[in-house]
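Please read this briefing alongside the sequence and the model that follow.

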Amino acid sequence: AGRARRAVTRRAVTRRALPAVLMCRGKAVRDFTGPDCRFVNFKKGEAVYVYYKLIGEPTELWAGSVGSDFGYFPKDLLEINHNYTNEELELPTDVSFGYF
């Protein structure tokens, strides 16, 4: 229903043995409420942990956690304050987002 399928590339750390490895940590620069359960909600100032960086059109999304909640969020809502690794591996994936 109006959802376009977009090719998205997932950037993940090169440690393939672990499916989700912490890439960086940041602070939310403003509140965010996602459109559905695939997105993680947070308040300004909360710590957000990033495990995947999704790149592509029309916007870049990252996937991470706030507390025990995990989901997608727009990368521009996060101020990075600690990088755990700078090594990245691009993996093609197919994700559909009707929100953007």
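**Confidence and overall fold**

The mean pLDDT of the protein chain is 78, and 65% of its residues reach 70 or more, where pLDDT is the predictor's confidence in each residue, from 0 to 100. The model is predicted, and local features need pLDDT of at least 70, while side-chain atom pairs count only at pLDDT 80 or more and totals for chains, interfaces and linings use all residues. Residues are numbered from 1 along each chain as its sequence is written, and side-chain values use heavy atoms, with hydrogens and water left out.

- The protein chain contains zero helices and seven strands, where helices (H or I, at least four residues) and strands (E, at least two) are DSSP runs, numbered from the N terminus.
- Over residues 1-9 pLDDT stays under 50, and the model has 27 contacts beyond four places in sequence for them, a contact meaning heavy atoms within 4.5 Å.
- Over residues 12-18 pLDDT likewise stays under 50, with 17 contacts beyond four places in sequence.
- Of the contacts in the protein chain with a separation of 6 or more, 65% are between residues 24 or more positions apart.

**Burial and surface**

- Of the 100 residues of the protein chain, 35% count as buried; buried means under 20% relative accessible area, exposed over 50%, and partly exposed in between (1.4 Å probe, protein chains only).
- The accessible surface of the protein chain comes to about 6,100 Å², of which 46% belongs to carbon and sulfur atoms, and such areas come from the Shrake-Rupley method with a 1.4 Å probe, where for residues only the protein chains shown count as cover.
- Cysteine 24 counts as buried because its relative accessibility is 1%, whereas cysteine 37, at 74%, counts as exposed.
- The structure holds zero disulfides, a disulfide being a pair of cysteine sulfur atoms within 2.5 Å.

**Nonpolar core**

- The largest nonpolar core has 15 residues, of which Phe32, Phe42, Val48, Val50, Trp62, Phe73 and Leu78 touch the most other members; such a core is a set of buried Ala, Val, Leu, Ile, Met, Phe, Trp, Tyr and Cys residues joined through side-chain atoms within 4.5 Å.
- At least two residues of this core come from each of β2 (24-28), β3 (47-55) and β4 (61-66).
- Leucine 77 lies in the loop between β5 and β6 (78-83) and is buried, with a relative accessible area of 3%.
- Not counting residues up to four places away in sequence, leucine 77 touches Lys27, Ala28, Val29, Arg30, Phe32 and Phe42.
- Leucine 77 and phenylalanine 32 are 45 residues apart in sequence and 7.9 Å apart in space, C-alpha to C-alpha.

**Aromatic pairs**

- The structure holds five aromatic pairs, in which rings of Phe, Tyr and Trp (its six-membered ring) have centres within 6.5 Å, and planes under 30 degrees apart count as stacked, over 60 as edge-to-face and the rest as tilted.
- The rings of phenylalanine 39 and tyrosine 72 have centres 6.1 Å apart and planes at 65°, so this pair is edge-to-face.
- This pair links distant parts of the chain, with phenylalanine 39 in the loop between β2 and β3 and tyrosine 72 in strand β5 (residues 69-74), 33 residues apart.
- Phenylalanine 39 counts as buried at 5% relative accessibility, while tyrosine 72 counts as partly exposed at 21%.
- The rings of phenylalanine 42 and phenylalanine 73 have centres 5.7 Å apart and planes at 80°, so this pair is also edge-to-face, and both residues are buried.
- Phe32, Phe39, Phe42, Tyr72 and Phe73 form one aromatic cluster.
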